[in-house]
Amino acid sequence: MTNTGDKFSVKLDVSHFKPEEIKVKTIGNCVEIHGKHEERSDSHGWIAREFTRRYVLPDGCKAEEVMSSLKPNGVLTIEAKKEQLPPISGVERVVPIAITEGDKQKTFC
């Protein structure tokens with residue numbers, strides 16, 4: 001998972017699943033990835049796989065703009081660009097520092 005100033009990104013190895021066995025959806029401010037394939041035979045017998053991953057989208061990401069892509073090597077990438085948050089107002093405030101010694105407290109600005 002990568003969370004930078006302008007982008008949120010998740011990469012997952014889903015090479016054990018076919019593209020049609022993977023679903024990516026947003027639920028509120030979360031993105032959910034679900035993969036499932038029914039029981040089938042392999043060289044060792046029978047196997048079934050299923051997983052679900054859910055990530056909270058960071059502030060500045062819009063759920064309706066989440067994108068996903070699947071590479072041939074089975075790496076699924078989920079990305080969401082972040083909007084620039086408005087700058088914090090230029091109001092300056094001095095925060096006092098409280099110094100305590102035993103039962104006594106002094107405050108400095």
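Two strands are said to pair if DSSP finds at least two bridges between them, and strands themselves are DSSP runs (E, at least two residues) numbered from the N terminus. The structure is a predicted model, in which local features need pLDDT of at least 70, side-chain atom pairs count only at pLDDT 80 or more, and totals for chains, interfaces and linings use all residues. Residues are numbered from 1 along each chain as its sequence is written, and side-chain values use heavy atoms, with hydrogens and water left out.

An open sheet is formed by three strands in the order 3-4-5, and their pairing is antiparallel. Strand 3 and strand 5 (45–56) each have a single partner strand and stand at the edges, so one side of each is left without a neighbour in the sheet. Strand 4 (residues 30–42) is joined to strand 5 in the antiparallel sense by 11 bridges, and lysine 36 has glutamate 50, in strand 5, as its bridge partner.

A further open sheet consists of four strands in the order 1-2-7-6, again with antiparallel pairing. Strand 1 pairs with strand 2 over two bridges, and threonine 2 lies opposite serine 9 of strand 2.

Glutamate 21 is placed in the loop between strand 2 (7–13) and strand 3 (22–27). This residue counts as buried because its relative accessibility is 16%, where buried means under 20% relative accessible area (1.4 Å probe, protein chains only). When residues up to four places away in sequence are not counted, glutamate 21 touches His16, His34, Gly35, Lys36, His37 and Arg40, contact being defined as heavy atoms within 4.5 Å.

Note on methods
Buried < 20%, exposed > 50% of the residue type's maximum accessible area, 1.4 Å probe, protein only.
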